[in-house]
Amino acid sequence: MRQFGQVHILLTRPLTQMINNPKCSIYIPSRNYGKYLRQAIDSVVAQIFDDWELILVDEASEDDSLEIMRDYEQRLSSRVKVIRNPSPMGLQKLANLVLRECSGKYILRLDADDWLEEHAL
């Protein structure tokens with residue numbers, strides 16, 4: 001069992017196996033949604049199903065979104081990847097970018113102002 005903040009993560013497979021070939025890829029695009037972003041990210045981290053990777057995409061935010069993303073990337077570097085776009089590209093192009101970057105069998109977009117219940121995956 002691993003602890004992240006107040007969240008405990010029970011790993012069902014070796015972490016190295018999940019890093020290289022996660023079952024689910026979740027991506028969170030954000031443009032100036034810093035005030036909601038931690039709740040969205042924490043809801044992914046708190047999932048009962050633990051075979052996931054998280055891709056955080058900053059769409060040229062002018063708030064603290066990128067700093068929040070980098071903080072999670074630093075603390076959960078084996079599971080979290082941050083992509084910074086210098087200018088907004090829109091959800092369709094962003095989805096195509098994420099498809100090239102993710103490695104999960106299943107892909108889920110989570111908006112930065114939403115969250116997942118702990119059994120969502």
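Contact here means heavy atoms within 4.5 Å.

**Figure 1. Overall fold of the predicted model.** The protein has four helices and six strands. From the N terminus, the order is β-β-α-β-α-β-α-β-α-β. Of its 121 residues, 42% count as buried. Among contacts between residues at least 6 apart in sequence, 78% join residues at least 24 apart.

**Figure 2. Surroundings of Ile-28.** Neighbours within four places in sequence are left aside. Ile-28 contacts Leu-37, Ala-40, Ile-41 and Val-44, among others. Its partners also include Leu-54, Ile-55, Leu-56 and Val-57. Met-69, Leu-110, Asp-111 and Ala-112 are in contact with Ile-28 as well.

**Figure 3. The largest nonpolar core, with 21 residues.** Ile-28, Ile-41, Val-44, Leu-54 and Leu-56 touch the most other members. Elements giving two or more residues are β3 (24–30), α2 (34–45), β4 (52–59), α3 (65–75) and β5. Helix α2 provides the largest share, five residues. A second, separate core holds eight residues, including Tyr-27, Val-57, Leu-94 and Leu-97.

**Figure 4. Val-82 in strand β5 (residues 80–85).** Val-82 has a relative accessible area of 10%. The cut-off for buried is under 20%, so Val-82 is buried. Not counting residues up to four places away in sequence, Val-82 touches Leu-56, Leu-66, Met-69, Arg-70 and Glu-73. Leu-54 lies 28 residues from Val-82 in sequence, and their C-alpha atoms are 8.5 Å apart.

Technical notes: Residues numbered from 1 in each chain as written. Predicted model: local features only at pLDDT ≥ 70, side-chain atom pairs only at ≥ 80, totals over all residues. Heavy atoms only, no water. Buried < 20%, exposed > 50% of the residue type's maximum accessible area, 1.4 Å probe, protein only. Core = buried A, V, L, I, M, F, W, Y, C linked by side-chain atoms within 4.5 Å.
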